[in-house]
Amino acid sequence: MKIHEVKTHPEYFQLSRSGVKPFELRYNDRDYQEGDYLYSREYHPVLQKYTGRWSVYRIDYTLKGEWLAEGYIAMTIASIQDYAEYVQVLDALFMPAEHA
């Protein structure tokens, strides 16, 4: 299981959290793969700090290629509905020593 921590500006964070924006378009500098997770932390660019809000999403589908700028990837993301899966991801995020 790979978890990618990403900064997300407030307007996009809220759209993803509400389900209106079930996708991410990012530079693929982390080798994003289907089945990985995004740990999205809301980041305020003007204040240059994290707001404290966060969400976790599973990457369900990825798209690369000629339709996107060089080095970019489009991903569909989904909130984790399965309780056991959610707990497993949170444990890996916040209790990493137990998963080493």
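Ser55 lies in strand S4. This is a predicted model, and every value I give is computed from it. At 9% relative accessibility, Ser55 counts as buried, because the cut-off for that label is under 20%. Its side chain makes a polar contact with the side chain of Arg17, at 3.1 Å. Leaving out neighbours within four places in sequence, Ser55 is in contact with Phe13, Arg17, Leu38, Tyr39 and Ser40.

Is Thr62 buried or exposed? Thr62 is buried, with a relative accessible area of 16%. Not counting residues up to four places away in sequence, Thr62 touches Tyr32, Gln33 and Glu34, and also Ile73, Ala74 and Met75.

Next, the aromatic rings. A pair of aromatic rings is described by the distance of the centres and the angle of the planes. How many aromatic pairs are there by this rule? The count comes to five. One of them is Tyr39 with Phe94, which is edge-to-face, with 5.9 Å centre to centre and 90 degrees between the planes. Tyr39 lies in strand S3 and Phe94 in helix H2, residues 83-94, so this pair ties together parts that are 55 residues apart in sequence. The two partners can be set side by side: Tyr39 is buried, at 9% relative accessibility, whereas Phe94 is partly exposed, with a relative accessible area of 45%.

The rings of Tyr43 and Tyr50 also pair. Their centres are 5.2 Å apart and their planes are at 70 degrees, so the pair is edge-to-face; the angle needed for that label is over 60 degrees. Tyr43 is buried, with a relative accessible area of 13%, and Tyr50 is partly exposed, at 32%. Which residues do ring pairs link into a cluster? Tyr39, Trp54 and Phe94.

Now to Asp31. Where is Asp31 found? Asp31 is found in the loop between S2 and strand S3, the latter being residues 37-44. Asp31 is partly exposed, because its relative accessible area of 42% falls between the cut-offs of 20% and 50%. The side chain of Asp31 is joined to that of Gln33 by a polar contact of 2.7 Å. Gln33 has come up already, as one of the residues touched by Thr62. Setting aside neighbours within four places in sequence, Asp31 is in contact with Lys2, His4 and Asp36. For a distance across the model, the C-alpha atoms of Asp31 and Asp82 are separated by 25 Å, and these two residues are 51 apart along the chain.

Last, the surface. Which residues form a nonpolar patch there? The patch is formed by Tyr12, Leu15 and Val20, and together they have about 290 Å² of accessible area. Val20 is found in the loop between helix H1, residues 10-18, and strand S2, residues 23-27. Val20 is exposed, because its relative accessible area of 58% is over the 50% cut-off.

Terms used
Residues are numbered from 1 along each chain as its sequence is written. This is a predicted model: local features need pLDDT of at least 70, side-chain atom pairs count only at pLDDT 80 or more; totals for chains, interfaces and linings use all residues. Side-chain values use heavy atoms; hydrogens and water are left out. Patches are made of residues with over 30% relative accessible area and no salt bridge: like charges are joined within 9 Å, nonpolar side chains (Val, Leu, Ile, Met, Phe, Trp, Tyr) within 5 Å. Accessible areas come from the Shrake-Rupley method with a 1.4 Å probe; for residues, only the protein chains shown count as cover. A salt bridge is a side-chain nitrogen of Lys or Arg within 4 Å of a carboxyl oxygen of Asp or Glu. Helices (H or I, at least four residues) and strands (E, at least two) are DSSP runs, numbered from the N terminus. Buried means under 20% relative accessible area, exposed over 50%, partly exposed in between (1.4 Å probe, protein chains only). Contact means heavy atoms within 4.5 Å. A polar contact is a pair of N or O atoms within 3.5 Å; within protein, one must be able to donate a hydrogen and the other to accept it, and residues adjacent in sequence count only if both atoms are side-chain atoms. Rings of Phe, Tyr and Trp (its six-membered ring) pair if their centres lie within 6.5 Å; planes under 30 degrees apart count as stacked, over 60 as edge-to-face and the rest as tilted.
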